[in-house]
Amino acid sequence: MTTNSVAKPTSQQAFPTLEEWCDCGNCLHMPSPEECVCCRHAEFVYPNLEDHQCITQIESFDNLILNPDVLALSFIQMMMFKRQCGRDQLNSRQSRLVAYIQFVCLMLKGERHGKSNRVVIPSCVVRKIRDVS
Ligand SMILES: [Zn+2]
Ligand SMILES: [Zn+2]
């Protein structure tokens, strides 16, 4: 890998502006630079974009990631997998977590994501999930 990428103009901690890192138009500013990831630049998301501008626009996103019934079922399955009973009511924090897991599963289609590169959920996805739960 070559390292002659563009040098940072200042020595200050560069916090990218939204225009610099978002190309889908749906991202929001995130609290840390590491979280500033757009769906159009996330390696594990990009192959799923097809001709959509943003991953939150694909049909299965609404059906599988935002639908509370689907999330409730996934939660029960997770509980069964962990051999716990699905007695717990799904609170909004858990339901967001399930939605994130569901999203990563959908994007990777069961493939393992390299351990070295941590999965960062794109900002537009975080925003959508937060809006509904
Ligand atoms: Zn974006
Ligand atoms: Zn997006």
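Mentor: The model is predicted, so local features need pLDDT of at least 70, side-chain atom pairs count only at pLDDT 80 or more, and totals for chains, interfaces and linings use all residues. Residues are numbered from 1 along each chain as its sequence is written, and chains are lettered from A and ligands numbered from 1 in the order in which they are written.

Trainee: What makes up the chain, helices or strands?

Mentor: Five helices and zero strands. From the N terminus the order is α-α-α-α-α. Helices are DSSP runs of H or I with at least four residues, strands are runs of E with at least two, and both are numbered from the N terminus.

Trainee: Why is Glu50 called exposed?

Mentor: Count the other C-beta atoms within 10 Å, placed from the backbone: 20 or more is buried, 12 or fewer is exposed, in between is partly exposed. Glu50 has 7, so Glu50 is exposed. Glu50 sits in the loop between helix H1 (18-21) and helix H2 (59-66). Its phi is positive, near 50°, in a residue other than glycine.

Trainee: How do you know what span to expect of H4?

Mentor: Take 1.5 Å times one less than the number of residues. H4 (residues 92-108) has 17 residues, and the expected span is 24 Å. From first C-alpha to last, H4 reaches 24 Å, close to that expectation. Lys109 follows H4, with a positive phi near 50°.

Trainee: Which residues of H4 are buried, and why are they said to line one face?

Mentor: Val98, Ala99, Gln102, Phe103 and Met107 are buried. Seen down the axis of H4, they fall within an arc of 165°, so they line one face. The arc is taken over directions from the helix axis to the C-beta atoms. An α-helix has 3.6 residues a turn, so residues three or four places apart point the same way.

Trainee: What do these buried residues pack against?

Mentor: H2, helix H3 (68-81) and helix H5 (123-132). Contact means C-beta atoms, placed from the backbone, within 7 Å.

Trainee: Why are H2 and H4 called oblique?

Mentor: Their axes come within 9 Å and cross at roughly 140°. Axes are lines fitted to C-alpha atoms over the stretch in contact, with angles from 0 to 180 degrees between N-to-C directions. Under 35 degrees is roughly parallel, over 145 roughly antiparallel, 65 to 115 roughly perpendicular, and the rest oblique. H2 and H4 are therefore oblique. Ser60, Leu64 and Ile65 of H2 meet Ala99, Gln102, Phe103 and Leu106 of H4.

Conventions: Contact = placed C-beta atoms within 7 Å.
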